[in-house]
Amino acid sequence: FLAAAKTAGWKSAVMICQPHQVVRCVLGYVRSMATLGHEIALFTATPRSTPWSKLTHGSQGYDELPRFAHIEKELSRISLYQQKGDLATFNELFEYLERRDKRKG
């Protein structure tokens, strides 16, 4: 997506995902923006209502659990992927958000 955004010259986008995956998704995009050298104003959207008790499949289609049970797994994935360098650090995220929000005003 970011490669297409760079080619097209897009300056902003809305990412749609499940609420329990927002942090990991944004951290991944912040890392990818730095790697590609194309920073866009990224915003997030999630469904209006989320059935937290509904059984859903987790990462890679495994672990069919109530949606709320995936939150802990998401947190452990974030730490693991940050250590591997696949996700931005939280400091990088906060710096990105500050730059993004300054451009809006």
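Does Phe1 count as buried, partly exposed or exposed, and what is the relative accessibility behind that label? In this predicted model, Phe1 has 47% relative accessibility and therefore counts as partly exposed.

## Overall layout

The chain contains four helices and four strands. Taken in sequence order, these elements give the pattern α-β-α-β-β-β-α-α. The C-alpha trace spans about 40 × 30 × 25 Å along its principal axes. The chain has 105 residues, of which 31% count as buried.

## Aromatic pairs

Three aromatic pairs turn up in a search of the whole structure. One of them joins Phe1 and Tyr29 in an edge-to-face arrangement, with 6.2 Å between the centres and 85° between the planes. The two residues belong to distant parts of the chain, 28 residues apart: Phe1 lies in the segment before helix H1 (2–8), and Tyr29 lies in helix H2 (residues 22–36).

Tyr29 has a relative accessible area of 24% and is partly exposed. Phe1 is also given as partly exposed, at 47%. Together with Trp10, Phe1 and Tyr29 make up one aromatic cluster.

## Nonpolar core

The largest nonpolar core has 16 residues. Val26, Leu27, Val30, Met33 and Leu42 are the members with the most contacts inside this core. Strand E1 (12–16), helix H2 and helix H4 (90–104) each supply at least two of the core residues. Helix H2 provides the largest share, with five residues.

## Cysteines

How many disulfides does the structure have? The count is zero. Cys17 is in no disulfide, and the nearest cysteine sulfur to it, that of Cys25, is 4.2 Å away. Cys25 is likewise in no disulfide, its nearest cysteine sulfur being that of Cys17, at 4.2 Å. The reason is the distance, because a disulfide needs the two sulfur atoms within 2.5 Å.

The two cysteines fall into separate accessibility classes. Cys17, at 10% relative accessibility, counts as buried. Cys25, with a relative accessible area of 26%, is partly exposed. The cut-off that matters here is 20%, since buried means under that value.

## Salt bridges

There are nine salt bridges in the structure. In one of them, Glu74 is paired with Arg24, and the closest N and O atoms are 2.7 Å apart. This pair connects distant parts of the chain, with Glu74 in helix H3 and Arg24 in helix H2, 50 residues apart. Both Glu74 and Arg24 are buried. A network of salt bridges links Arg24, Glu74 and Arg77.

Helix H2 is also tied to helix H4. The side chains of Glu92 and Arg31 form a salt bridge, at 2.6 Å from N to O. Glu92 is in helix H4 and Arg31 in helix H2, 61 residues apart, so this pair too links distant parts of the chain. Glu92 counts as partly exposed, at 31% relative accessibility.

## Arg100 and its surroundings

Arg100 makes a salt bridge with Asp101, the closest N and O atoms lying 2.9 Å apart. Which of these two residues is buried, and which is partly exposed? Arg100 counts as buried, at 12% relative accessibility, whereas Asp101 is partly exposed, with a relative accessible area of 37%.

Phe43 and Arg100 are 57 residues apart in sequence, and their C-alpha atoms are 9.6 Å apart in space. Phe43 sits in strand E2 (residues 41–45). With a relative accessible area of 27%, Phe43 is partly exposed.

## Nonpolar surface patch

Trp52, Phe68, Ile71 and Leu75 form a nonpolar patch on the surface. Together they have about 380 Å² of accessible area. Phe68 belongs to the loop between strand E4 (65–66) and helix H3 (70–84), and its relative accessibility of 46% places Phe68 in the partly exposed class.

How values were computed: Residues numbered from 1 in each chain as written. Predicted model: local features only at pLDDT ≥ 70, side-chain atom pairs only at ≥ 80, totals over all residues. Heavy atoms only, no water. Buried < 20%, exposed > 50% of the residue type's maximum accessible area, 1.4 Å probe, protein only. Phe/Tyr/Trp six-rings, centres within 6.5 Å; stacked < 30°, edge-to-face > 60°. Patch = residues over 30% accessible without salt bridge, like charges linked within 9 Å, V, L, I, M, F, W, Y side chains within 5 Å. Areas by Shrake-Rupley, 256 points an atom, 1.4 Å probe, with all protein chains shown as cover. Salt bridge = Lys/Arg side-chain N within 4 Å of Asp/Glu carboxyl O. Core = buried A, V, L, I, M, F, W, Y, C linked by side-chain atoms within 4.5 Å.
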